[in-house]
Amino acid sequence: MERKGLLHIYCGDGKGKTSAALGLLMRAAGRGMRVHLVQLMKGRDTGELAVLRQIPGVTLARCDRDYGFVRAMGPAERQAITACHNRLLADALALAETGQLGLLVLDELNPAYAHGLLDRPLARQLILQRPPALELALTGRAPDQVFLQAADYISEITALRHPYRQGVPARKGIEF
């Protein structure tokens, strides 16, 4: 019997959506699955990057620069990040179609989709028409209803308390 790949969504306003997806990634890689991580909306250096690059069977794709927060992007930044995201999604689709991937993680897909910073039909094709055996994880706040309805797992992470609300800035090694 061929394995059926399921759709995981890690969403909500709490800290840990990417961390949950990375835990899934490590588990899959530890069992010999080929894994590809696409990080959307992120361009600055984060603590997990050096470790991920050392894990056999894991590949990583992301934009080559940080575009900052969506609310601060001008038209040129929005156009540039959208072009980058579209390249990343097209490459992920091509890789998925080879049938060699066990897990694909689309980190921060939900906000990129919500803000129109990617080709939405391409994203829907990749997510909803993926190869049947491909396990797929999406992260980010406010997933689109079409993805929620298609999901097999939905984990909502809620912020009951967060130091940022008391003025504590993001800390290296903890938040990035």
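**View 1. The link between Cys 63 and Cys 84 is left-handed, with -125° about the S-S bond.** This is a predicted model, in which local features need pLDDT of at least 70 and side-chain atom pairs count only at pLDDT 80 or more, while totals for chains, interfaces and linings use all residues. Residues are numbered from 1 along each chain as its sequence is written, and side-chain values use heavy atoms, with hydrogens and water left out. A disulfide (a pair of cysteine sulfur atoms within 2.5 Å) joins Cys 63 to Cys 84, with an S to S distance of 2.2 Å, and the structure holds one such link. Because Cys 63 lies in the loop between β3 (58-62) and α3 whereas Cys 84 lies in helix α3, the pair ties together parts that are 21 residues apart in sequence. Helices (H or I, at least four residues) and strands (E, at least two) are DSSP runs, numbered from the N terminus.

**View 2. Cys 63 is buried, with a relative accessible area of 3%.** Buried means under 20% relative accessible area, computed with a 1.4 Å probe on protein chains only. Cys 84 is also buried, at 4%, and Cys 11 is buried at 6%.

**View 3. Helix α5 (residues 120-128) has Leu 122, Ala 123, Leu 126 and Ile 127 buried.** These residues cover an arc (that of the directions from the helix axis to the C-beta atoms) of only 125° around the axis, which puts them on the same side of α5. The buried residues of α5 pack against, that is, have heavy atoms within 4.5 Å of, several elements, including β1 (7-11), α3 (75-97) and β4 (103-107).

Terms used:
Buried < 20%, exposed > 50% of the residue type's maximum accessible area, 1.4 Å probe, protein only.
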